[in-house]
Amino acid sequence: MLSNIGNILLLSNVLIGALIIYYSFNCLKTSNNLVFKNIYQLSLIQSTLILSCFFTLVAAFLVSDFSLINVYQNSHSLKPVFYKISGTWGNHEGSLLLWVIILTVFSFLFLVLNKNHPKNYRLHTLIIQNLLILGFLFFILFNSNPFSIINPVPKEGLGLNPILQDPALAIHPPLLYVGFVGSSIYFSAAMASMVSNYNDRSFAKSIKGWVLISWVFQTLGIMVGSIWAYYELGWGGFWFWDPVENASLLPWFAMTALLHSLLVLEKRNALYFWTIILCLLTFTLSVTGTFLVRSGILNSVHTFANDPSRGIYILVFLSIMIITSVYFLFTRYKPETNHISGNSKETFVLINNWFMMFYLITVLLGTLYPIFTDVLFKSKISVGPPFYNSVIAPVVVFFLVFMAIGPQTKWIKNKFTNLKQLSIILGGALLTNFTIIFLFKSYSVISNLIIISSLFLIFSSFMDLFKKTKLNFARIISHLSFGFLIFFIGLNHNFTIEKDFNLKLGEEKVIDNYKFVLNDLELINQINYKAIIGKLRVKNMNTNEERTLKPEIRIYDNPQTLTYEASIKTNFFKDHYLTMSNIDRSEYYNVKFQEKPLMIWIWISVVMLSLGGFVSLFKNAKNN
Amino acid sequence: MQKTIKLTISVFIFFILLVFYLSLNKVSNYDTENLVGNKLNQIKLESLEGINYITNKNLKKNSYTLINFWASWCAPCRVEHPFLMELSEIKNLKILGVNFKDKKDNALNFLDSLGNPYHYLAKDIKGKQSVNFGIYGIPESILIDKDFIVIKKFVGPLNFEDLNEIKKIVSSL
């Protein structure tokens, strides 16, 4: 029955989407600036129905309705309620439904909240957004229907992939989707802006809030995924340059560039086409990422839901999107005559954009290169951290310096009157860096430069707090947090200690100044898994600091899977991270121990970074 | 000028989409189980002494070859060592030991103290060669016949059952 309700709701949404497009075209023919009342009503019904459709699927998971293939494949009656619910979007079909929800709700909110903008612009945005909604609804209905039934009805489900049974993973997809699916609304708005010639600073105002929302959520979504990978995948790091991680980072670069170029469009009415390109690029990269992940052409630890047959649909969709947007861009493009001084805030914002484009191209090349070599030369290669670190790290130094200087400049024509202050800040950064080296240990030249430049950004952002002019809290918080983020990453990278060895029960091992003893192995039974818990005592013989870490090897029943749970002890100064894995047919366990300084501050910096976005969002809402 | 830029962008986009399309038909999942039944065409491993290479030529005269990946630092390798010693005495079987991410002196000490079951000794210091054999951890062993077809793959240390299975396969000649 739930299957029928779900399918009816999906079909109703198709109908309503088509009606909205039809009425919008009719409304465009009228001469006044009013949008038909029924368009508002239909948009509200559309959002209500798609949410109802989603809750129908949640209900199917809650009552374990195994007549639905999706529930059968991704749930189990013994699964805790929390994971039954999060299982709804922990799979390809359910997550697509979440896609459509965001497309639809954003479409409605954009219509309602932008009443002071021209009718033509709003309606064109609505039409394009609804074409996207229809595209995804057809994808769901014909290829990835979460309400497909199975006959005869199985008595029990196969269960959710155990590594997805995690609180962080329950919130990671929704956060990330608000981010990159949310970017669809300014893709539609950018297209509408070109069609309706709405190309001045008001256009920037109409999308600024949406760019901020998607940026904030994308930042948080990436962070939660990163935290999850840190403790769940047992690799002991926070970023692996995994292709799927990269796929989420690409739209983030484009969004960040867009946020800054919008400032120029808003203040100086310049860079309109560049802003449009960034709007189109952000959502195109989001769909490209989805294509790479869902089609299965990328080999990645995250590729849970892959199926080449789905790939062709997304590829056709992506191609139509790109071809249409490039067509509009080429036909509407007019060279702009911008009178931008080389020494002005505008130039510094542009410099930010160049850096973002540099990062974007680097990560895009690294991600796509293995696919290209495989197809063109039949050679399987993988691009790993050394490539990204060596290309990106040196450039970060210049980026941070410009990030510190940029906000000090003035619009139109700037004069550097604060060179003395900048020199003092640089001196402070150098001194702090060499104090760290003196107190602890030295590190490479590039690490020195990164730490000095991040301190330069931190100090100059702090100084901004004491300026007499009007404070831009959003910018200060974001830039300050970014400085801290790079600073903590730099220290974490240079001061991490890593030990890898084999140990059996009762055995003691001394490596450098650490002593490890595997004291005990305990077997416990939980509802949906059994676990072997190791009790490892770790002693730092220099400081006499002693800790017991309890890594787990979990054996899940449904589906039968083995996972390794890291034991992590966190404090404000460092994390102790330990994983234990069994060696097949042996009494030995492989132990990986890491001491990672200032880990928690990396996460806090990212939260603060997105907080800057939130502050800007509220300020923007207040101003409008 | 503008036309050239537009044309370049269009060709570039078309090229990317085409590569995406072609890549959809590729199997990208790496599965070591698939190796069974496959032929190992290009074996070329540097000998432990580092003076010559062990290739298909060296192995083609053997009825069966067991390629064993091991290291002196690997505890489970010690566990399987007695079984390898026993296998080394079988007439139809020759054993190629690939010393994995190890130091030569440590490897030779290991063999001095526990015995040397290997008819051929090769090294893979960086662990890159072993990837071609579908190795993702050691110890692992691959049994191939005289045509270099993979008959069986053993993940983890060899045990008593594996020993009997290898004996059975080899004696069926």
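Q: What is the bridge partner of Asp500(A) in β10(A)?
A: First, this is a predicted model: local features need pLDDT of at least 70, side-chain atom pairs count only at pLDDT 80 or more, and totals for chains, interfaces and linings use all residues. Residues are numbered from 1 along each chain as its sequence is written, while chains are lettered from A and ligands numbered from 1 in the order in which they are written. Strands (E, at least two residues) and helices (H or I, at least four) are DSSP runs numbered from the N terminus. Look across to β10(A), and the bridge partner of Asp500(A) turns out to be Lys592(A).

Q: Over how many bridges do β1(A) and strand β10 of chain A pair?
A: Strands count as paired if DSSP finds at least two bridges between them. One bridge in this region links Asn502(A) to Asn590(A) in β10(A). β1(A) and β10(A), the latter being residues 589-597, run in the antiparallel sense, and their bridges number 7.

Q: How many residues lie between β8(A) and β9(A) in their hairpin?
A: β8(A) and β9(A), the latter spanning residues 574-582, run antiparallel and are joined by 4 bridges. One pair to look for is Ser567(A) with Leu578(A) in β9(A). Between the two strands of the hairpin, the number of residues is 3.

Q: In what order do the 4 strands of the open sheet in chain A come?
A: Its edge strands, each pairing on one side only, are β1 (497-503) and β8 (567-570) of chain A. From one strand to the next, the twist averages 10°, with axes being lines fitted to C-alpha atoms (for helices over the stretch in contact) and angles running from 0 to 180 degrees between N-to-C directions. The pairing is antiparallel, and the order is β1-β10-β9-β8.

Q: What radius of gyration does chain A have?
A: The secondary structure of chain A comes to 18 helices and 10 strands, and along its principal axes the C-alpha trace spans about 85 × 80 × 50 Å. The radius of gyration is taken over C-alpha atoms, and the globule rule is 2.2 Å times the number of residues to the power 0.38. For 624 residues a compact globule would be near 25 Å, which agrees with the value for chain A, 26 Å.

Q: How far apart do the C-alpha centres of domain 1 and domain 3 of chain A lie?
A: Chain A is divided into domain 1 (1-161), domain 2 (388-495) and domain 3 (497-600), with bounds that come from an automatic or database domain assignment. Domains 1 and 3 do touch: 6 residues of domain 1 are in contact with 4 of domain 3, where contact asks for C-beta atoms, placed from the backbone, within 7 Å. Their C-alpha centres lie apart by 44 Å.

Q: Where is confidence highest in chain A?
A: Confidence here is pLDDT, given by the predictor for each residue from 0 to 100. Chain A has a mean of 89, and 96% of its residues reach 70 or more. Strand β7 (residues 561-565) is lowest at a mean of 78, while the highest mean, 96, belongs to helix α8 (residues 184-195).

Q: Why is chain B called more spread out than a compact globule, and what is its radius of gyration?
A: Chain B has 6 helices and 7 strands. Its C-alpha atoms fill a box of roughly 75 × 40 × 30 Å along the principal axes. The globule rule gives 16 Å for 173 residues, so chain B is more spread out than a compact globule because its radius of gyration is well over that, at 21 Å.

Q: In what order do the 7 strands of the open sheet in chain B come?
A: The edge strands, pairing on one side only, are β2 (53-55) and β7 (150-155) of chain B. Strand β1 (residues 44-47) runs antiparallel to β2(B), joined by 3 bridges, and Glu46(B) stands opposite Tyr53(B). Neighbouring strands are turned by 30° against each other on average, direction ignored. The pairing is mixed, and the order is β2-β1-β5-β4-β3-β6-β7.

Q: Where is confidence lowest in chain B?
A: The mean pLDDT of chain B is 84, with 94% of its residues at 70 or more. Strand β3 (residues 64-70) is highest at 93, while the lowest mean, 74, falls in helix α5 (residues 128-132).

Q: What ipTM does the predictor give the complex?
A: The predictor scores the complex as a whole too, with a pTM of 0.82. The ipTM it gives is 0.81.

How values were computed: Two residues are in contact if their C-beta atoms, placed from the backbone, lie within 7 Å.
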